[in-house]
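Please have the sequence and the 3D view open while reading.

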Amino acid sequence: MLTVVTFLPLLACAVLLVSRGLPDRARVWVWIATAAADLALVVVLWAGFGAGGGLRYEQRVRWIPSAGVSYHVGVDGLSLPLVALTCLLFLAVAVYSLRENRRVRSYTCLFLFLQTVCLGLFVALDLILFFVFFDLSIVGMFFVIAGWGHGEQGRAAALKFFLYTFIGSLALLLGFIGLYLAATPHTFDMLDLTRANPLAGRGAYAALVLLAIGVGLAVKTPTVPFHTWLPPAHTDAPATGSAILAGVLLKMGTYGFVRVAMPLLPSTWRDYAMVFIVVGAVSAVYGALVALGQTHFKRMIAYTSVNHMGYIILAVGAAGVLAGTDAQARALAVTGAVTQMVSHGLLTAALFLLSGVLYDRGGTYEMDQYSGLAAPSPKLATATGVAAFASLGIPGFSGFIAEFQIFTGSLASQAVATAIALTGILITAALFLRALRGMFMGSVRLPSSVGAGGFRDLVAPETFSIAPLLTLGLVIGVAPRFLLDVIEPASRTLVGLVAR
């Protein structure tokens, strides 16, 4: 079933490619039906996942045996939540795309292709399979930004995105080859490499492998100083592209740390954990500060992603520090990191879809062009307010659950770094409150491009795509056990692997 979940969108993509006479709206409905079926299958997988951690739904088929490469897939508590998040976000984007009228055939096929690629990465248990999907995600998103972004600037942003992330993927591949060469017998299988721990005691060689893998994943995450591709990519991408880029593609980087870097290089991760802690704390504060200085709504949201990804890197770094802490605290930090991946995916995707509504109505993302929007568009104001407060970690939402676990798990061994990163929450609160006050309160002021019809509120496709994301963020904030029961056993297993 896991292979069916992964490749069902690609099958739908192939069908749409050969269906020449299908109306554009029907193509989007085929996409919606495919995404809904995929999500339903993941719900079945979740229901049958069971307790106790470990891999489920594992499948292994020889692919390139002479090179130690196989089609090896499976899910555990680290990957299953991201598989579910991927299916939900692509369904939300599909519903939102009922308003799309530009080259719909290519548009729907690209997103269906991207869905298969994203799912494939999260279920991959072979390094080459992981890398193939990692690279294909770059290609798919490049065409989304270049083809449906904002004119010439969109094409320039797409090129910058491609070059940065492709160079990062080459570093990642070098690290994977380093692991392969160190193993006896040579293999790219993650489980075999985890059991063999081929880089234990390898000193500088292991450090170079971790450097290559770390840089490749840090570019994708992104962290400071590898983040400069992110703001233009988000600014000039279509709202749907930004939602998938932030909600899913950035998680490929953070997921790579917990799936590859930590379990496959445990002793080296412990030796250099402080580097990741510093990078995480700096990214959290820097991202929030730069976001505070933005007047462009979408660029502001983009920089908050750097802030939130910084929290995740802080947590996984703290999980590699054994002195002054215990396994429970380290496992709590990892659980918080994975929960933050899910929470950020839900809430930031919603914010980017809302930014698309703003641009559709007003033709600009500049916040000083809007005022008093709560009067003509109360649903937009409510949804943006809920997404903003949830994103900054207000209790009752998923952001609070994630950040509470991250800071509690990191505090025992890294009090100073955690205290520094905590200031990011205060700055994030300030920037969102400023944006909400300026755009939605006071007297109504609209850009000159707004026509006689005025500023329309959310319409049905927008409401039905955004509301479920915010609702699930609330559900996780109030009753998180259904999610934590899946993540926690895998977090304990990961912490045990790092400590060996």
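Arg481 is partly exposed in this predicted model, with a relative accessible area of 41%. Its salt-bridge partner is Glu488, and the closest N and O atoms of the pair are 2.8 Å apart. Glu488 is also partly exposed, at 22%. Elsewhere, salt bridges with shared partners link Arg99, Asp360, Arg361, Arg456 and Glu462 into one network.

**Salt bridges**

- Over the whole structure, a search finds 12 salt bridges.
- Side chains of opposite charge can pair when their charged atoms come close.
- One of the pairs is Arg60 with Asp189, at an N to O distance of 3.5 Å.
- Asp192 belongs to helix 7, so its pairing with Arg60 of strand 1 ties together parts 132 residues apart in sequence.

**Exposure of the Arg60 group**

- Arg60 is partly exposed, with a relative accessible area of 47%.
- Asp189 has 0% relative accessibility and therefore counts as buried, the cut-off being under 20%.
- Asp192 is partly exposed, at 24% relative accessible area.

**Cis peptide bonds**

- Most residues other than glycine have a negative phi, and most peptide bonds are trans.
- Thr221 and Pro222 are joined by a cis peptide bond, with omega about -15°.
- Pro222 is found in the loop between helix 8 (204–220) and helix 9 (230–236).
- Another cis peptide bond connects Val224 to Pro225, and its omega is about 5°.
- Pro225 likewise lies in the loop between helix 8 and helix 9.

- Tyr57 is not a glycine, yet its phi is positive, at about 55°.
- Tyr57 is part of strand 1, which covers residues 56–64.
- The relative accessible area of Tyr57 is 30%, so this residue is partly exposed.
- Asn197, another residue other than glycine, has a positive phi near 45°.
- The position of Asn197 is in the loop between helix 7 (190–196) and helix 8.
- Asn197 counts as buried because its relative accessibility of 16% falls under the 20% limit.

Conventions: Residues are numbered from 1 along each chain as its sequence is written. This is a predicted model: local features need pLDDT of at least 70, side-chain atom pairs count only at pLDDT 80 or more; totals for chains, interfaces and linings use all residues. Side-chain values use heavy atoms; hydrogens and water are left out. Helices (H or I, at least four residues) and strands (E, at least two) are DSSP runs, numbered from the N terminus. Buried means under 20% relative accessible area, exposed over 50%, partly exposed in between (1.4 Å probe, protein chains only). A salt bridge is a side-chain nitrogen of Lys or Arg within 4 Å of a carboxyl oxygen of Asp or Glu.
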